[in-house]
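Here are my notes after going through the complex, as a handful of numbered points. Have the viewer open while you read.

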Amino acid sequence: MSRLNIVFLAVFVGLVVWITLFQPSVVRQIQNGAMVAFRPFIEASSAVRTGVEEAGSEPLSPAQLRAQVEELERDRNRLKLEVIQLDEVRRENNALRRALQYQQRAPLAVVATRVLSRKPRTWYNTLVIDKGLLDGVEVDSPVIVPSGEEAALVGKVSEVVGDHSAIVLLLTDEMCQVSAKFENSQDQGILSGQRGALRQTPDLQLRYLSKEADASAGRRVISSGAGGLFPPDLLLGKVISLEIGAIDASATVEPTVDFDDLKDVFVVLPADSDRIPEALAPEDGEMEALEKPDEDS
Amino acid sequence: MRFFVALLLLIPVSFILQEFIPVFDWAYGSRLLLVHTAFFAIAIATPFPVMLLFALFTGFVWDARYHIPIHTSEEVYGGLVSQELPFGFTIFLLGLTGALIQGVRPFFRRGRWELPVFMIGLCTFLALILEYLVINFHRGGLETPGDLWWKLLMTSLFSALVSPFLLLLLSRLADQTRYRIQTEGLKRRHTYDGDAI
């Protein structure tokens, strides 16, 4: 190897070491800049993908009409989630009235987001969404979608990479771990994806269960709320099978959410967020309605 | 010099095109890594110091766009842990694989693209498997489900299939900019220096 090559190699190694030692705040600034630069292309690719999917399924309608329909659907889903939450608050309020004990429960504030990009990294199950710092989204904010009359967990915000962009780590990723339990039971475990989960909708693993846990096939798995990161009672999936080990048991769980068909998702904003975005500002008395049961109590 | 400037423009173009390349769910969630493929093609066509500069540039932009600082769930572990793949890791990967692929430059110079195409697929495979091994190292245990190998193979195959077009593009660029890729008596084919073949 020539002397010039050795010099270049030494400089290269030095630069690599220097870059890997960047502080997280510096990395965040770099990524914010990159997101600003790539944003038009990410949105364009999202539009192309949507166009291709729609072209294959139904006749194209005018673009403006399509945008309006999407907006209405997002609003409808958001309202559905809020109604679900309202019902839960009412039920809780009634139960607590009966027990003459009341524990205030903050209503969920959610922001509707559009999925811009799916699985951009090879080894991580992630999404890029179009809401970020200025929309009140924070790291570890839970991400949900409506599933029938309930809310199902999609994952959590892994990184906020700009004013209007964030990365969501999906529930199917091994690193998204949720404290979970069976419905109407206190049997708890940790639910997560599996490493190298490469199928379209990979199964989840509910680990650290008691060997005596009643985990019959088809039983619903919900978030327990332990730890405070994820709200309780979010639908996660259904049990497929149970494997009993030497000291504990684990269940294979089929996820509720179809992760390959996600177009719009909802980010749960922190309860103490003082940056409720305009989309969530009290409109038509929605927030008031959510808070009313608390006042009644 | 004009050749290198053209290559420098090729990388941002590949990044833009990468945004439009979907995940192929039918192929075990693999996708065409166009940026990596473009870099490997450039690594074959350029000298070692230039390859390192391109590794630095490409890896930096790749991590700026795609780096995900994975934190362990606070709910489970009660705090944050260090990142699995640090920012800048892609630069290291590209530098390493780029150095490997430099070994087939003589073949490319002779206008023989079979081995360079194979090496581009192999280096894609190596870059991905190294990432996966580092992730396993951080998380503990080594899990190698059967689908993993298919995903690696399919991703590598996509890179190898696209690479001849990129190599052709580079040879045409070399012709246009009168850059002399080959240096020793191989005038009968692909001189890339503007001479008639």
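1. A quick definition before the rest: a residue is called exposed when its relative accessible area is over 50%, buried when that value is under 20%, and partly exposed in between. With a relative accessible area of 74%, Asn184(A) is therefore exposed. You'll find Asn184(A) in the loop that links β6 (178-182) to β7 (188-192) in chain A. Its backbone deserves a glance too: phi of Asn184(A) is near 55°, a positive value in a residue other than glycine.

2. Asp140(A) sits in the loop between β2 and β3 (142-147) of chain A. Is Asp140(A) buried or exposed? It counts as buried, because its relative accessibility is 9% and the cut-off for buried is under 20%.

3. On confidence: please keep in mind that this is a predicted model. The predictor gives the complex an ipTM of 0.82, alongside a pTM of 0.75. For chain B the mean pLDDT is 83, and 86% of its residues reach 70 or more.

4. Now the make-up of each chain. Chain A contains 4 helices and 12 strands, while chain B has 8 helices and 0 strands. Reading chain B from the N terminus, the elements go α-α-α-α-α-α-α-α. Of the 297 residues in chain A, 49% count as buried; for the 197 residues of chain B, the figure is 57%.

5. Surface and contact range, chain by chain. Chain A exposes about 14,600 Å², with carbon and sulfur atoms supplying 53% of it. The accessible surface of chain B is about 8,300 Å², and 69% of that belongs to carbon and sulfur atoms. Take the contacts between residues at least 6 apart in sequence: in chain A, 59% of them join residues at least 24 apart, and in chain B, 70% do.

6. What about the interface? In contact terms, 57 residues of chain B meet 55 residues of chain A. The size of an interface is often given as the accessible area lost when the parts come together. Between chain B and chain A, that buried area is about 5,100 Å², and carbon and sulfur atoms give 65% of it. The count of salt bridges between the two chains is 2. Arg139(B) forms a salt bridge with Glu174(A), and their closest N and O atoms are 2.7 Å apart.

7. The largest nonpolar core has 131 residues, and the members touching the most others are Ile144(A), Val154(A), Leu171(A), Leu206(A), Leu262(A) and Ile101(B). Helix α3 (residues 48-66) of chain B gives the most to this core, namely 11 residues.

8. Thr126(A) belongs to strand β2 (residues 126-129) of chain A and is buried, with a relative accessible area of 0%. Which residues does Thr126(A) touch, not counting those up to four places away in sequence? They include Ser117(A), Arg118(A), Ile167(A) and Leu170(A), as well as Ile68(B) from the other chain. Thr90(B) is in helix α5 (residues 89-101) of chain B and counts as buried at 2% relative accessibility. Leaving aside neighbours within four places in sequence, Thr90(B) is in contact with His36(B), Gly59(B), Trp62(B), Asp63(B) and Glu131(B). Thr155(B) lies 65 residues from Thr90(B) along the chain, and their C-alpha atoms are separated by 17 Å.

Definitions and conventions. Residues are numbered from 1 along each chain as its sequence is written. Chains are lettered from A and ligands numbered from 1 in the order in which they are written. This is a predicted model: local features need pLDDT of at least 70, side-chain atom pairs count only at pLDDT 80 or more; totals for chains, interfaces and linings use all residues. Side-chain values use heavy atoms; hydrogens and water are left out. Helices (H or I, at least four residues) and strands (E, at least two) are DSSP runs, numbered from the N terminus. Buried means under 20% relative accessible area, exposed over 50%, partly exposed in between (1.4 Å probe, protein chains only). Contact means heavy atoms within 4.5 Å. Accessible areas come from the Shrake-Rupley method with a 1.4 Å probe; for residues, only the protein chains shown count as cover. A nonpolar core is a set of buried Ala, Val, Leu, Ile, Met, Phe, Trp, Tyr and Cys residues joined through side-chain atoms within 4.5 Å. pLDDT is the predictor's confidence in each residue, from 0 to 100. Buried area is the accessible area (1.4 Å probe) that two parts lose on being put together, summed over both. A salt bridge is a side-chain nitrogen of Lys or Arg within 4 Å of a carboxyl oxygen of Asp or Glu.
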